[in-house]
Amino acid sequence: MARIAMTQTQNRTGSSKGLLLLVMLISALATAGIAYLLVTIFEHKQDAKQPFYRVVELNEVSTDPTLWGQNFPHHYDQYTSTAGDRFFGGSAALPDSKLDHYPWLKRLYAGYAFSIDYREARGHAYMLYDQVVTERIHQRKQAGACLHCHSSPTVLYRKAGLEALGLPADDETLAKEFNMEAVIKGFEVLSREPYHVVLERLTQVPDGTPLGTSKPAFDAPPVEGFGGAEAPPGHFQMSEAHPVSCIDCHDPKTNQLRITRPGFMQGIAMLATSDDPLPHLPSIAAWRRGDRAEPYDPNKLASRHEMRSFTCGQCHVEYYCATQDVLVFPWGNGLKHEDLEKFWEDRKFPDGTDFLDYKHAETGAPLFKVQHPEFELWSQGTHARAGVSCADCHMPYERVGAQKLSNHNVRSPLENINNACQNCHHVSESDLRERVDTIQTRTADMMERAAQAMLEMLDAILECQQAGATNEQLAEVFVLQRKSMWRLDYISSENSKGFHAAQEAARCLAESIDYSRQAQTQALRILAEIKSGKSSE
């Protein structure tokens, strides 16, 4: 019995030791886990305090994105990826012609440079190159205002503005501060200058790196026109100027978002004074409730979330861009297509003549040309009303280590559905693609119907003119023609194929069809009267 008791005692002692060792092991693992967690939290907090390492000092002439890339390598790699695997240039690599896909565009733009050459859009990396080589630039005289959005022009604007104001404009002064007043003045000075004159000046201002000392962000492709002719000596090369760059949206000292484009600054100030409700832009509503002693300034008043759309709205908008006036955003009445149309209808050129973009080469009607009103159409859609910014979809947030960063490979949300869409839409990727496809297919179908109505309208007007109708007789028809073509152009030029605001796009195209049919009916009525008068003679 004593031996059994001793054995039991030994077993209990062994079990106790095993349990103790197990507890010690668990405690050690827990302690290690907690220590690891605390160290990780501390490191992440430190990372958050120091979101980037300042390898180089940036200033207000740092337009070369390679400089920013040293401080922000992750963002820079994504920015350069907007070129694709590598930069493709030359006539063989240019995107497809919209004029081939939609032959009716040639008649819509008859008399305007877009009837010569009009290509599908590519990534931001190509925005300057594709403009430089387009036949619109080679065959028609274009204004320097075109570079407002397709390049990184603010250093040039500031230099020209300081010179016009009689102030120092040396490199040290340019690097010191942004000076929006000088930027706006330079923009006004250069806006109506010939395109290639302004382009040449753009290559001569400092970009933060001594000439030839840094590898360009994008390779230098051949710079021939679409016809394949060799580039003349001294012709523009990509390394000498930059497409939209980091400095166009970010403060070089703080990296905070900011507005740099004079056209947007003036346009948004006009918009703030309008009666357009703008529920998606709360800072404008707050400004309206104040004393309005100073113009609305997004750099002072807009929230960071609003700036994630405003920075895009610097370029993805409707504007006038030619030689008879400075570039202007038509936002004085609001952001709907009829608001913009009314702005142009009421506008005069500096010489007192009525505003127009071009006269239609077939009918002679004075017309307005729409650029790319993505910001305006988005403003009418459900995403804007829900507080979804442009960048939420096209530059969605992502986790990189401890940091929450905005993806700088600016692209279609359909290429990044998980980050761009499924944070809000908790449905399958295939379902989301189907929704987008349905909206865009329906918009495209209605656009073709509107185009057919336009073609039949133009044929009726031409037949009427051939029968002897005068411009006085056709004055009301020309107004209807302009209204019809403005609305068709509005949706065909806007790059979401209706997705930014599906109902608004459908409304716009329906009105286009209606105005085309009204113009066609009136033209046929005039034609009948002419024929009736001739038959009675």
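Phe 264 counts as buried, as its relative accessibility is 0%; here buried means under 20% relative accessible area, exposed means over 50% and partly exposed lies in between, with a 1.4 Å probe and protein chains only. The model is predicted, so local features need pLDDT of at least 70 and side-chain atom pairs count only at pLDDT 80 or more, whereas totals for chains, interfaces and linings use all residues. Residues are numbered from 1 along each chain as its sequence is written, and side-chain values use heavy atoms, with hydrogens and water left out.

The aromatic residues are described next. The structure holds 26 aromatic pairs. Rings of Phe, Tyr and Trp (for Trp, its six-membered ring) pair if their centres lie within 6.5 Å, and planes under 30 degrees apart count as stacked, over 60 as edge-to-face and the rest as tilted. Tyr 112 and Phe 114 form a stacked pair, with 5.7 Å centre to centre and 15° between the planes. Both Tyr 112 and Phe 114 are buried. Phe 264 and Phe 375, in turn, form an edge-to-face pair, with 6.3 Å centre to centre and 80° between the planes. Because Phe 264 lies in helix α13 (residues 262–272) and Phe 375 in helix α18 (residues 374–378), this pair ties together parts that are 111 residues apart in sequence. Helices (H or I, at least four residues) and strands (E, at least two) are DSSP runs, numbered from the N terminus. Phe 375 also counts as buried, at 2% relative accessibility. One aromatic cluster is formed by Tyr 320, Phe 343, Trp 344, Phe 349, Phe 355, Phe 368, Trp 486 and Tyr 490.

Charged side chains also lie over aromatic rings. A charge sits over a ring if NZ of Lys or CZ of Arg is within 6 Å of the ring centre and within 35 degrees of the ring normal. Lys 369 lies over the face of Phe 114, at 4.7 Å from the ring centre. Arg 308 lies over the face of Tyr 397, at 4.1 Å from the ring centre.

The cavities were examined on a 1 Å grid over the protein atoms alone, where a cavity is a set of points at which a 1.4 Å probe fits but cannot get out, and lining residues have an atom within 4 Å of a point. Grid points are joined across faces, edges and corners, and a volume is the space filled by probe spheres set on the points. By this rule there are 3 cavities of 30 Å³ or more. The largest cavity holds about 70 Å³ of space. Its lining consists of His 280, Leu 281, His 305, Glu 306, Ser 309, Trp 378, Ala 384, Gly 387, Val 388 and Ser 389. Helix α16 (residues 304–313) gives the most to this lining, with 3 residues. By class, the lining of the largest cavity has 4 nonpolar, 5 polar and 1 charged residues. In this classification Ala, Val, Leu, Ile, Met, Phe, Trp, Tyr, Cys and Pro count as nonpolar, Asp, Glu, Lys and Arg as charged, and the others, Gly among them, as polar.

Asp 117 is placed in the loop between α5 (104–108) and α6 (127–133), and is buried, with a relative accessible area of 3%. The side chain of Asp 117 makes a polar contact with the side chain of Arg 119 at 3.1 Å. A polar contact is a pair of N or O atoms within 3.5 Å; within protein, one must be able to donate a hydrogen and the other to accept it, and residues adjacent in sequence count only if both atoms are side-chain atoms. The side chain of Asp 117 also reaches the backbone nitrogen of Glu 135, at 3.2 Å.

Leu 278, although not a glycine, has a positive phi of about 55°. Leu 278 lies in the loop between α13 and α14 (282–289) and is buried, with a relative accessible area of 3%. Arg 292 likewise has a positive phi of about 55° and is not a glycine. Arg 292 is found in the loop between α14 and α15 (298–301) and is partly exposed, with a relative accessible area of 38%.

Met 395 occupies the loop between α20 (390–394) and β3 (397–400) and is buried, at 15% relative accessible area. The C-alpha atoms of Met 395 and His 408 are separated by 5.8 Å, with the two residues 13 residues apart along the chain.

Methods:
1 Å grid on protein atoms, 1.4 Å probe; cavity = no way out; pocket = protein on both sides within 12 Å on 5 of 7 lines; lining within 4 Å.
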